[in-house]
Amino acid sequence: MIAFSLPGANDTDEGERDHHAAGQGMVTGRSAFSRAVPLLLFAGAFLLLGLVLVSLRFASQTERSSREALEAARLNNRALLLLTLVQDAETSQRGYLLTGEEKYLAPFKRAESLIHVQFQSITGDMAKIGISAITVDRLKRLIDDKLAEMQSTIAMKAAGRDGDAIAVIQTDAGQRAMDEIRQIMTRIEAVTGDIAFQRAAALADATRWLMISIAGGAALLLVLVGGAMRLVAVHAGQLDAARRALAEQNEMLEVRIRERTQFLERANRELQSYSYIVGHDLRAPLINIMGFTAELERAASVFAAYMEKPFEARDEPSEKAAREAVDVDIPEALGFIRSSMKRMDDLINEILKLARAGTRQLNAEPINLADLVSDAAVNLQHRLAEIGASIVIAEGLPYVVSDRLALQQIFGNLLDNAVKYADPSRSAIIRVSGKIARGHATIDVSDNGRGIAERDLERIFELFRRSGPQDRQGEGIGLAHVRALARRLGGDVAAQSVLGQGTTFTVSFAANLRFAKDRGEG
Amino acid sequence: MSNGLEPIVIVMIEDDEGHARLIEKNIRRAGVTNAMVPFTTGLKALSYLLGPDANGKVHAGKHLLILLDLNLPDMSGIDILARLRESEHLRHVMVIVLTTTDDPAEIRRCYDLGANAYVAKPMQYDKFVNAIQQLGMFLSVVTVPEVS
């Protein structure tokens, strides 16, 4: 009765292994993600550093370009200032030569003292912006010449030699020097202007790039922060999921332990009632054997006493008693002893049959229940025709993976019972319907037979127990057998009935025996 | 009958033919000649005892002794006992429970339900005969005035 078939145990193990494998797959997937994201974040940080460096370079380029543009502008200014100084000096000289008044000489004096300093201050810068040394020298000589010409004319005027001074001017040497100075200055202005323009353009470029790189950095920074936050969220989610899975597993374990405990308690109760029933039922014929053995002894002693009497002492009553002992009591006792022994033998055989059914190895195979039930109906065809009964199999009986022989016996027994206990006052209709829900097939076998009293609804599943008038052949074994089989198939059987109207037996069993938890138990 | 005492009828509810025969033989051997009504199933016995009204009125005022086997195929003897004690007319009928068990819990349950005596069908057959014979003595005492 209580036996675990080996393939069942193996199947369960495989199922658990599969489950674990799936779990590991999930974990691997998660950790790949966990590894990839920090790597991406690191790459992002590296890129950000690069962007910062590029920005720094653009910033320094900007700074240099602006400084150079500024320097070029300042040089231009100073060159203009120098030109102005020379022009001031010339204007001042002319004014003095015309008027002879000392006051016109003041700008000249100031220019004279500043020109060289001013020239010195721009010499280096001119070289820097690419004005050739020859030009610089030329400019210096021209300025020196111009200064010398102006100083000599002013000195002549001061000495009263106005004619000499005019003559010097009329040589046009001063005029020419002045023109050339202006030319050089114009060139310097052009060069510095060009430089300023170029630097300004470079500045604009660099600034644009700087902005682009800063914007890029900002975007990357956003991505990185987002990535980091996502990573944190994912980790938190993983932790949460792991915690939940653990809690779930704990709960599942508790449920399974509870189920197991219930099952063991049920098995224990069944075993108790089974041994109680077997004890009772085996004891009944034994009591007969003992009782009639005593009767046999009694009858034998009556007959022996009669035989021991001398012939003439044998009176009529004692002869009658002896005759009765031999003719009636002894055959009756022997008959009861024989039938009791046969009864015991039958009981023991039935018990052994049940025990064998309990240990038979179940074999899970795909089964169309509609076919199986109609085969069982065909086997009853003769008796169905006899009492005018019909079996109606509803559409949509499910396909299951289960033990064929066990299901044949279950439905064979239930249909046989329905036919056996049909109500003769009406034509019997037996309906079979079923469905699969949550991994369990549930099949109803309903009849319109004589029904079962409510107090007997559980009792009928006990061994050697029968309900209602004992007017049909039977040992009270079929339903006990059905229950044992249904439980082995991972389910159970129950009955609902209205006395006088009919009975519905509901058999449930695992839709797929390979996944049945309580396989081989029952 | 003249003195208002009707003979006691023994109702034997016992599914095992052999047991029934043994009980009858031993009761007779003890000198009890009362009528015996045997039943082999609980349902038949109940329908006889409770009568058509199902309240036991049919036996009101009659003297019955019920020998009740607990282990019947169609229903438990305990159910029969409970039904008898529910009936107004059968509440005080003498019931002697006969069974193969000597389970103390079951014995107590029978007494709780109002069994007058409990006789475990013993494996020691002598004891069983004794019990039946004592029963017979008791019945004889009661029935003697009626017989005379």
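**Exercise 1. Which residue of β7(A) is the bridge partner of A:Ala494?**

Solution. Start with the ground rules. This is a predicted model: local features need pLDDT of at least 70, side-chain atom pairs count only at pLDDT 80 or more, and totals for chains, interfaces and linings use all residues. Residues are numbered from 1 along each chain as its sequence is written, while chains are lettered from A and ligands numbered from 1 in the order in which they are written.

Step 1. Find the strands. Helices (H or I, at least four residues) and strands (E, at least two) are DSSP runs, numbered from the N terminus. Strand β7 of chain A covers residues 502-510.

Step 2. Check the pairing. Two strands pair if DSSP finds at least two bridges between them. β6(A) and β7(A) pair in the antiparallel sense over seven bridges.

Step 3. Read off the partner. A:Ala494 is bridged to A:Thr506.

**Exercise 2. Work out the strand order of the open sheet in chain A, and find its edges.**

Solution. Step 1. The sheet has five strands, in the order β2-β4-β5-β7-β6, with mixed pairing.

Step 1. β2 (390-393) and β6 (492-498) of chain A stand at the edges; each has a single partner strand, so one side of each lacks a neighbour in the sheet.

Step 2. From one strand to the next, the twist averages 15°. Angles run from 0 to 180 degrees between N-to-C directions, and axes are lines fitted to C-alpha atoms, for helices over the stretch in contact.

**Exercise 3. Describe the surroundings of β5(A) and the two faces of this strand.**

Solution. Step 1. Take β4(A). Eight bridges join β4(A) to β5(A), and the two run antiparallel. A:Gly434 stands opposite A:Ile443. The two strands form a hairpin with two residues between them, and A:Arg438 in the turn has a positive phi of about 50°.

Step 1. Take β7(A). Eight bridges also join β5(A) to β7(A), again antiparallel. Here A:Asp444 faces A:Thr506.

Step 2. Sort the side chains. A residue is buried if 20 or more other C-beta atoms lie within 10 Å of its own, exposed if 12 or fewer, and partly exposed in between; C-beta atoms are placed from the backbone. A:Ala441, A:Ile443, A:Val445 and A:Asp447 point to one face and are buried.

**Exercise 4. How many residues of chain A are in contact with chain B?**

Solution. Step 1. Two residues are in contact if their C-beta atoms, placed from the backbone, lie within 7 Å. 21 residues of chain A meet 18 residues of chain B.

Step 1. α5 (173-308) and α6 (316-359) of chain A each supply at least two residues of the chain A side. The largest share, 10 residues, comes from α5(A).

**Exercise 5. Is A:Gln151 buried or partly exposed?**

Solution. Step 1. A:Gln151 lies in helix α3 (residues 133-158) of chain A.

Step 1. A:Gln151 has 14 other C-beta atoms within 10 Å, so this residue is partly exposed.
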